[in-house]
Amino acid sequence: MAATLKYHGHACFSMAADGHRVIMDPFISDNPQAVEELGDIDVDVVLISHVHSDHLGDGIELAKQCDALLIATYEVALYCERQGVEDVRPMHIGGWADLGFVTVKLTVAHHSSSIVTDDSIQMLGAASGFIVTMGGKRLYYPGDTALCADMELLGRLNDFDVATIPIGDTFTMGVDDGIIAAQLIGAKLNIPMHFNTFPVIAADPHEFVRRLEDEGLSGRVMEPGEEIELP
Ligand code: NI
Ligand code: MN
């Protein structure tokens, strides 16, 4: 059993195994860190953690382009369906989806979910994270979130091979809380995300990895476009 994890920059990752690929928060065309064209990305499943523009991103267009299944919290999934995505699975926090080649669980994220335009601000659905299991590997993608006690519970109930940890502060955890999160989650490998895309979320991912190692944990800074085999 084998699985790979690819970093697309900011908070966008995709996980692949056995010829299937699942992407989380495909923010590509307006993502200053992205190194690919949207049209070059092919996925089976699109996971949307919440509808802030740096997470919903190109999700609707990508799901249409790939005839992919889009999974999100209830209102977010229905919104995407009304925007023309044919195959959606509305879920909510705590639920599992078993698609055969992948299982997905929606987890708590302490954050908001809103669509902001010039003349309106609309709350939509709830922010979530995901537990994604494929190719025998289990990923915890917390989404945009504060440090929270649920991470300890998730760490106790799951044997995570990898966790992606937001470290950019301001809108999510920063490095200090990211270290505590990694301790609570207990994944074999921790990968920083949601940093340096914009000046307001500047952070040093190498400091994060050094401090993880000081705590006896394993971390790795992935470059946008990089894909690794999960240990
Ligand atoms: Ni957000
Ligand atoms: Mn964000």
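## A tour from the metal site outward

Along the chain, the residues that donate to the manganese ion (ligand 2) follow the spacing D-H-x88-D-x49-H. This is a predicted model, in which local features need pLDDT of at least 70 and side-chain atom pairs count only at pLDDT 80 or more, while totals for chains, interfaces and linings use all residues. Residues are numbered from 1 along each chain as its sequence is written, chains are lettered from A and ligands numbered from 1 in the order in which they are written, and side-chain values use heavy atoms, with hydrogens and water left out.

**Stop one: the metal ions.** Select ligand 2, the manganese ion, together with D54 (OD), H55 (NE2), D144 (OD) and H194 (NE2), which coordinate this ion at 2.1 to 2.2 Å. Donors here are N, O and S atoms within 2.8 Å of the metal (3.2 Å for Na, K and Ca), and since water is not among the atoms, sites may look incomplete. Helices (H or I, at least four residues) and strands (E, at least two) are DSSP runs, numbered from the N terminus. H55, at 0% relative accessibility, is buried, and D144 is buried as well, with a relative accessible area of 2%. Buried means under 20% relative accessible area, exposed over 50%, and partly exposed in between (1.4 Å probe, protein chains only).

Select K6 and E36, which form a salt bridge whose closest N and O atoms are 2.9 Å apart. K6 sits in strand β1 (residues 4-7) and E36 in the loop between β3 (20-24) and β4 (45-47), so that the pair, 30 residues apart, links distant parts of the chain. Both residues, K6 and E36, are buried. A salt bridge is counted where a side-chain nitrogen of Lys or Arg comes within 4 Å of a carboxyl oxygen of Asp or Glu, and the structure holds 8 of them.

**Stop three: D161 and its partners.** Select D161 and K188, whose closest N and O atoms are 3.0 Å apart in another salt bridge. D161 is in the loop between α4 and β13 (162-166) and K188 in the loop between α5 (175-185) and β14 (189-193), so this pair ties together parts that are 27 residues apart in sequence. D161 is buried, at 7% relative accessible area, whereas K188 is partly exposed, at 43%.

**Stop four: helix α4.** Select R156 and E152, whose side chains meet in a salt bridge of 3.3 Å, N to O. These two residues are 4 apart in helix α4 (residues 150-157), which means that about one helical turn separates them. R156 is exposed at 58% relative accessibility, while E152 is partly exposed at 34%.

**Last stop: the whole protein.** Zoom out to the complete chain, whose secondary structure comes to 6 helices and 15 strands. Its C-alpha trace spans about 50 × 45 × 35 Å along the principal axes, and of the 231 residues of the protein, 56% count as buried.
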